[in-house]
Each structure stands twice: as C-alpha cells, then as structure tokens.
Amino acid sequence: NAWVIGRKFYQGFYVLGALGALTTKTGKVGFVGGVRLPDLVATANALNQALKDYNPKAQLIYNFIGDFNDPVKARQTAEAQIAAGADVLLTFVNLGLYGVAEAAKSAPKPVLLTTLYTEKWDTAPKNMAVALVFDFAKPYKEIVGRVLKGEKGGYYEMRPGSGMELSAIRNVPPDVADKVRAVFKEVVAGKPLPEITDKAP
C-alpha cells in the first residue's frame, strides 16, 4: 500500500544548464548544491551535459556544501565561484538560496541565478533568471484518483511537463529565453538524454 513519486530533477536541470550555457559571458557556470546525494550528482552531470551540448567551451564549477539550509555557507561558496569567474549560478539549495542571492547582488559584475521548487523572484530581482517550478498538486490528485479506483500502489514520475514547469524567464535576451523554452519543450517531448548517473562528473 505505497506510492512512490519519482522526481527527475536532472531532466529539469538540463534545461537550466542550457540557460547557463547560452548566457555565460565568462564561459564559467557555477552550481551550488546542498547535500551530495545521488540526485544532486546526477544534476551536476546533467548541467555538464547541457554545457557540452550548447556551449562546449563553457566550464562547470560545482560544489556540494553539505547543507540545503545554510545561507552563510552557500554565500561563501557562491562568492568563491564568482571569484573563479562564474557569471551564472545554478542552485539546488533551499534556504541556502538567500546566501547565494546576496553573493550575486554584491558581485562586482552581473551574475544570473536560477532556483527550483517555487519562484523566488523577490530575492534578487535583477539577477534571477528562471525557476524550475514544482506543482505537487498534479501528482497527488492523480494518485488519489487512482487510489479511489482501487489501485493500492504504484509509481508516478515528476519530470518536465509532469509536475515540473519553467517560471517566466527574466534578465536574459529574448532569443535566449525562446531557446530555453524550446529546450524545455524538447525535454517534455522526450528528448533523448544520455543516461545521467550519480557518478561524479
């Protein structure tokens, strides 16, 4: 009597990686991750793949800070990545985002941010580019409906187009925003991505 909701984070982050690849001016994209879990390592691999696909000269700078909710550690990590040349910061942290946002806002040169789960536009209005938004209502409604029909267990996969969407895209050129939305649609439609594992990139 159990249902599993599988969240394919890496598929959504592949799209965010495409945004980083298409917007970086320095050729360096940062990734600030929380705890080094298989999902986050797979996400780093997806970002690396997106850079190869859309800007092969770009480099991914990634760190797992060991905590999703430590703004101080997240800010210090973001500042180090910015100092190393990153001008786009892709984040997989919760409260840690607020530290990354402060690092971006105080950076000597423009730095773009992305986030996930909800749109956090107000944290850094001049820096936030896009959020990978999660809608848990959709899987829950479907699962409850299937339970009511007598199904006692199963699997529901959250992925782009199925519980994961892009927020409005801001602070990037219109042609880049159009390209990122096109990449998202390709992933929704089943764009073949190489098997992205939890092995370090």
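This is a predicted model: local features need pLDDT of at least 70, side-chain atom pairs count only at pLDDT 80 or more; totals for chains, interfaces and linings use all residues.
Visitor: What ground rules apply here?
Guide: Residues count from 1 along each chain as its sequence is written, and side-chain values use heavy atoms, without hydrogens or water. Local features need pLDDT of at least 70, and side-chain atom pairs pLDDT 80 or more, while totals for chains, interfaces and linings use all residues.

Visitor: How many helices and strands does the protein chain have?
Guide: Helices are DSSP runs of H or I with at least four residues, and strands are E runs of at least two, numbered from the N terminus. From that end the order is β-α-β-α-β-α-β-α-β-β-α-β-β-α. That comes to six helices and eight strands.

Visitor: At what angle do α3 and α4 pack?
Guide: Axes are lines fitted to C-alpha atoms over the stretch in contact, and angles run from 0 to 180 degrees between N-to-C directions. Helix α3 covers residues 71-83 and α4 residues 96-105, with axes 7 Å apart. The angle is about 35°.

Visitor: Which residues in α4 does α3 meet?
Guide: Contact means heavy atoms within 4.5 Å. From α3 come Pro 71, Ala 74, Arg 75, Ala 78, Glu 79 and Ile 82. In α4 they meet Gly 96, Gly 99, Val 100, Glu 102, Ala 103 and Ala 104.

Visitor: What radius of gyration does the protein chain have?
Guide: Taken over C-alpha atoms, it is set against a globule rule of 2.2 Å times the number of residues to the power 0.38. With 201 residues, a compact globule would come out near 17 Å, and the chain agrees with its 17 Å.
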